[in-house]
Structure formats: structure tokens, C-alpha cells
Amino acid sequence: MDFDLTFVVSGVTVDDDAAVDVLLERCDALLARAGGVDLLSVTWSGDSAVQAALEAAAAAHAAVPQLHVRRLDRDLVGIHEIADRTGRSRQNVSQWVTGTRKAGGAPFPAAEGTVGRSQAWLWTEVNHWLSEHNLDDGSTYPSRKEMTEIDFALANAVRLAFRYAETSGFTEGRERVIDELHNKHIPGFLNFLSGLDGTIDELGQHILIVADQHESARGVMECVSSFQHDVVLVTSTDQFTAMILSTRRLSGPTKIVGVPELASVRDWLRLVQDNPQAAFALEAAEALAKVPPIQRRMAIAA
């Protein structure tokens with residue numbers, strides 16, 4: 001089912017042309033500003049509104065990492081807005097509210113509150129009531145209960161921060177990895193991360209290093225070593241792979257496997273597969289001085 005969702009966001013504004021373009025291209029999402037609040041509107045498919053909202057929020061953050069999805073916009077409407085959206089007069093809408101028209105069936109929803117002297121309603125509840133009279137806008141929105149669940153989940157959600165090696169020329173391959181993550185693996189992946197804290201930075205974000213399988217292993221290993229905590233490497237070779245990598249001091253005697261200077265990420269992963277308990281160091285002497293041995297702590301593949 002498709003759900004129409006509008007999120008309150010921060011970190012980007014409609015004046016950021018690059019962010020606007022990326023969100024539209026990759027998520028078919030529109031960034032706007034209304035009432036001094038930055039909003040992101042998107043239609044997303046899911047088995048439930050909660051699933052759709054969380055996947056849409058994760059996809060938007062992946063597309064524009066500085067974007068933070070805060071909560072759902074409640075989309076409060078008064079009589080004037082309801083009249084505009086339905087193409088009816090304000091007098092008609094007032095009669096719906098008082099029950100003098102369209103009195104059959106469920107009563108008009110209770111107002112959410114008042115703004116000044118005017119009442120305001122949740123559009124999702126008004127639209128549901130209108131659907132009983134074939135006057136709705138044809139869209140499906142989260143219910144009040146689902147909105148609460150979504151806001152709670154967003155407030156406690158696993159936050160991802162995508163990082164990349166400095167190697168240039170692999171943007172498309174990295175984007176394919178991110179697309180595969182969000183299109184096929186995101187629910188299980190988030191569940192995988194939810195029990196971990198070693199890969200979280202000072203902002204509470206899990207650090208994911210995204211790599212094209214063909215880029216230099218050296219560049220990625222240097223990126224891994226630039227963090228003072230564990231990180232997650234995500235890439236796709238014959239299958240999607242996520243590995244927790246650590247440069248922490250080795251706890252005991254550990255086999256060190258050399259990674260050739262010209263090895264690709266794919267080559268490195270083959271070495272890891274063949275030596276799952278080993279640590280890996282660059283064979284080049286000058287690189288070894290900068291990059292400590294890297295050990296795999298955990299891995300998943302799909």
C-alpha cells in the first residue's frame with residue numbers, strides 16, 4: 001500500500017538546490033518550507049504506515065546524510081483548508097462539523113484543538129471521514145495511533161551516517177550499494193545494528209563506510225583507521241555484505257594477513273573470507289605505519 005507522508009526535517013532547506021535535486025531524483029520526495037518549518041513530502045510503499053515511514057526516512061537520510069527526519073507533520077486543517085481541499089464552501093464544511101449535513105454514519109471527527117478562535121482538525125481523520133462520503137482526496141495517511149508510533153520510532157531510530165574513502169571515481173558504484181541496502185535489506189540491517197554500540201560516533205550515529213567492490217582496498221582501510229571506534233563496511237560483490245571492522249589493539253596473538261598495494265575491496269573481502277579470524281594490514285611499509293591492522297568483528301551477508 002502507498003502512504004502519503006510529510007515529515008518535519010532539519011539539516012537542509014529548500015534553498016539547498018543540490019539536496020532538493022537528490023531527494024527528488026532518488027526518493028521522489030519534495031522539500032518545502034511552510035510556517036517556518038522545513039517539510040519533506042514523499043509517497044512510500046509498505047505493509048503498514050509505520051514500516052513505510054521508517055523506510056522513507058532512512059532512504060531520505062541516505063540520499064542526503066545531513067538531513068535529519070524529526071517527526072511527522074500533523075497537517076492540521078481548519079474549515080477554510082477543508083473547504084479548499086474538497087472544493088466545497090465553508091458553509092458546507094461548517095454544516096458537516098455541526099452535523100446538519102452528512103449526518104448519516106460516523107460523526108465528524110473531534111477537533112484536535114483551537115488556533116486563536118478557530119478549531120483545527122487532523123487532516124488524516126477528516127480525510128477518513130470524507131472517504132465515507134466519497135469526498136476524500138484518494139490518498140492514504142497514517143492514523144493518529146500510527147503517527148504516535150512513527151514519532152516514537154523516529155525518536156529512537158537507528159541513525160546512519162555514510163562515509164566514503166577519498167578515492168574518486170566510484171560514486172555510482174557506492175550509490176548502487178546504498179540503493180541495494182534500502183531496497184532489499186534495510187529492516188534486517190537496522191535490526192542488526194540496533195543491538196550494537198561500538199560503531200556509534202559522538203552524535204549517536206552508526207558510521208557506515210560505503211565502498212564499491214572495485215575501489216582500492218588501501219583507500220578504504222585508511223578510511224576505517226581514521227575513526228577511533230569500530231565502523232561498518234558495506235559493499236556488494238556477489239552478495240550484499242556488511243562487516244564490523246575494528247582497529248582496536250588486538251587482544252592476543254593474531255595472524256596478520258597482508259593486503260597487496262593494488263588489491264581492490266573485492267580482493268580484500270576474499271582474504272577475509274579465507275582468514276576469518278585474522279587481522280589485515282597493508283603490505284606497503286609506509287602505509288602500514290599509518291594504518292594499524294584491521295580485524296573483522298562480525299559480518300552479515302544477504
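Colleague: What is the volume of the second largest pocket?

Modeller: Bearing in mind that this is a predicted model, the second largest pocket has a volume of about 290 Å³. There are 14 residues lining that pocket, and those closest to its centre are T237, Q239, T241, L269 and Q273.

Colleague: Which element gives the most to that lining?

Modeller: That is α9, which gives 5 residues to the lining of the second largest pocket. At least two lining residues are supplied by each of β11 (240-246), α9 (265-274) and β14 (294-301).

Colleague: And how do the lining residues there divide into nonpolar, polar and charged?

Modeller: For the second largest pocket the lining is made up of 6 nonpolar, 4 polar and 4 charged residues.

Colleague: OK, now the largest pocket. How much space lies in it?

Modeller: The largest pocket holds about 520 Å³ of space. Its lining consists of 23 residues, and L54, A58, L154, A157 and V158 are the ones that lie nearest the centre. Two or more lining residues come from each of α2 (49-63), β4 (68-72), α6, β8 (159-163) and α7 (171-194), and the largest share, 6 residues, belongs to α2.

Colleague: What about the nonpolar, polar and charged residues in that lining?

Modeller: In the largest pocket the lining residues divide into 15 nonpolar, 5 polar and 3 charged.

Colleague: Changing topic: which residues of helix α5 are buried?

Modeller: Helix α5 runs over residues 123-131, and its buried residues are W123, T124, V126, N127, W129 and L130.

Colleague: What covers them?

Modeller: The cover over the buried residues of α5 includes β5 (76-77), α3 (79-86), α4 (90-98), β7 (118-122) and α6 (144-155).

Colleague: You mentioned W129. How many aromatic pairs are there, and which one joins W129 to W96?

Modeller: The count comes to 3 aromatic pairs. The one between W96 and W129 is tilted, with 5.8 Å from centre to centre and 50° between the planes. Because W96 lies in helix α4 and W129 in helix α5, this pair ties together parts that are 33 residues apart in sequence.

Colleague: Are those two buried or exposed?

Modeller: W96 is buried, since its relative accessible area is 2%, and W129 also counts as buried, at 3% relative accessibility.

Colleague: And what kind of pair do F108 and W129 make?

Modeller: The pair of F108 and W129 is edge-to-face, because the ring centres are 4.9 Å apart and the planes stand at 70°, where an angle over 60 degrees is what edge-to-face requires. This pair also links distant parts of the chain, 21 residues apart, with F108 in the loop between α4 and β6 (113-115) and W129 in helix α5. F108 is itself buried, with a relative accessible area of 10%.

Colleague: So which residues form the aromatic cluster?

Modeller: One aromatic cluster is formed by W96, F108, W121 and W129.

Colleague: Where does T86 lie, and what does it touch?

Modeller: T86 lies in helix α3, and, leaving aside residues up to four places away in sequence, it touches W96, L130 and L135. In sequence T86 and L135 are 49 residues apart, yet from C-alpha to C-alpha they are 6.7 Å apart in space. T86 counts as buried because its relative accessibility is 15%, which is under the 20% cut-off.

Colleague: What does the side chain of T86 reach?

Modeller: The T86 side chain reaches the backbone oxygen of I82, at 2.8 Å.

Colleague: Last topic, backbone angles. What is phi of D28, and where is the place of D28?

Modeller: Phi of D28 is near 50°, which is a positive value in a residue other than glycine. D28 sits in the loop between α1 (17-27) and β2 (30-34), and it counts as exposed because its relative accessibility is 58%.

Colleague: And what about phi of D75?

Modeller: D75 is not a glycine either, and it has a positive phi of about 50°. The place of D75 is in the loop between β4 and β5. With a relative accessible area of 25%, D75 is partly exposed.

Conventions: Residues numbered from 1 in each chain as written. Predicted model: local features only at pLDDT ≥ 70, side-chain atom pairs only at ≥ 80, totals over all residues. Heavy atoms only, no water. Buried < 20%, exposed > 50% of the residue type's maximum accessible area, 1.4 Å probe, protein only. Helix = DSSP H or I, 4+ residues; strand = E, 2+ residues; numbered from the N terminus. Contact = heavy atoms within 4.5 Å. 1 Å grid on protein atoms, 1.4 Å probe; cavity = no way out; pocket = protein on both sides within 12 Å on 5 of 7 lines; lining within 4 Å. Points joined across faces, edges and corners; volume = space filled by probe spheres on them. Nonpolar A, V, L, I, M, F, W, Y, C, P; charged D, E, K, R; others polar. Polar contact = N/O pair within 3.5 Å; in protein donor to acceptor, adjacent residues only side chain to side chain. Phe/Tyr/Trp six-rings, centres within 6.5 Å; stacked < 30°, edge-to-face > 60°.
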